Amino acid sequence: MSASPVIDLTLPDPAPVLELLQAFRWSKAMFAALELGVFDVLDQGPRPLASLARELSCSVDGLERLLDACVGLHLLTKSAGVYANAPVATTYLCTSSPRRLTGYLKFSNGYMWQLWTHLEDAVREGTHRWQQTFGWEGPIFSHFFKTEEAKREFLLGMHGFGLISSPHVVNAFDLSRYRTFVDLGGATGHLAIAACERWPNLRGVVFDLPDALPLAREIVGASTVSERIALTAGDFFTDPLPPGDLYAVGRILHDWTEAKIHALLERIHAHLPPGGGVLIAEKLLTEDKTGPRWAHMQSLNMLTCTEGKERTLTEYAALLAKAGFVDVCGVRTPSPLDAILAVKPG
């Protein structure tokens, strides 16, 4: 008989290190299955391996390994050699789904993945990696939006992300005292739609660059609150802001330097009536910055991709106070975004 292995119980559990060793492989397996079209083919119905390999022009051996990995990741199911989408894949990974995240995931695979390979340099220099990675001066989405379809798919991916978080954000505070909700950089209008659905007293305005409005018009028009939401084209840094008593900035402030945030908050403050408010949707770091993990990873993402970062509630409160806001409150939600509300003194 062989001797039992001697286990040193004084050693720390290596599980965190081993899980992180695997983590990039997990995400890349999902990205690869998405890029190869696995989820969309299975959206048409379950398939055996040989049929999938023919339809996707993949080797049987290579595809089997990827499919089985996706089963292990709970993205697919497998029964008697036949593969099918798990409900989470049907909802978020198929281009037929109104809640799909596919555009944002493809952007992550094609662009963010490469930017993150230079994370060490981003940390050393404190700047984004667009020039180093792609030869571009900044995160200019026109490089990614090579076609209208690519732009549409990216925006729909961000829309799917918004459908997860926006209902939590607009439910974080009592907004019944407000009348006009202006979503700056509102993209597809998901936050304005959620606000108007939750608060029947509100009328909404989606304010974004002209290229974003056709899809916003389509999505807002299909909502149950379309008659209460207007769309206006403009740049929130330079163009006049639509009038309102509650301005919203969702996943906007974390993109920018403090100087640009201050300029935007000052503009919002100047356009608000006394007693008006600003609603911020970002993921908050804890005050000691030891969590949550989602905010940590997003802040590193901002380092590689933008000029900004994630912040604590105290840091946002300081930025808001500098622009003249008072009564800053923050609410943590179970979604990818938290909520902050501040008021212009009456």
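Rings of Phe, Tyr and Trp (its six-membered ring) are taken as a pair if their centres lie within 6.5 Å; planes under 30 degrees apart count as stacked, over 60 as edge-to-face and the rest as tilted. The structure is a predicted model, in which local features need pLDDT of at least 70, side-chain atom pairs count only at pLDDT 80 or more, and totals for chains, interfaces and linings use all residues. Residues are numbered from 1 along each chain as its sequence is written, and side-chain values use heavy atoms, with hydrogens and water left out.

By the ring rule, 13 aromatic pairs are counted. Among them, phenylalanine 107 and tyrosine 111 are stacked, at 5.4 Å centre to centre and with 15° between the planes. Both residues belong to helix α6 (residues 102-116), where they are 4 residues apart, about one turn of the helix; helices (H or I, at least four residues) and strands (E, at least two) are DSSP runs, numbered from the N terminus. Phenylalanine 107 is buried, at 3% relative accessibility, as is tyrosine 111, at 11%; buried means under 20% relative accessible area, exposed over 50%, and partly exposed in between (1.4 Å probe, protein chains only).

Tryptophan 130 and phenylalanine 134 form a tilted pair, with 5.8 Å between centres and 45° between planes. These two residues are separated by about one helical turn because they lie 4 residues apart in helix α8 (residues 130-134). Tryptophan 130 is buried, with a relative accessible area of 2%, whereas phenylalanine 134 is partly exposed, at 21%.

Threonine 188 is found in the loop between β4 (180-184) and α10 (190-198). This threonine 188 counts as buried because its relative accessibility is 1%. Its side chain makes a polar contact of 2.6 Å with that of histidine 159; such a contact is a pair of N or O atoms within 3.5 Å, where, within protein, one must be able to donate a hydrogen and the other to accept it, and residues adjacent in sequence count only if both atoms are side-chain atoms. Apart from neighbours within four places in sequence, threonine 188 is in contact (heavy atoms within 4.5 Å) with Leu155, His159, Leu215, Ala216, Ile219 and Val220.

A charge is said to sit over a ring if NZ of Lys or CZ of Arg is within 6 Å of the ring centre and within 35 degrees of the ring normal. Lysine 28 lies over the face of tryptophan 113, 5.0 Å from the ring centre. The charged end of arginine 198 is placed over the ring of tryptophan 199, at 4.0 Å from its centre.
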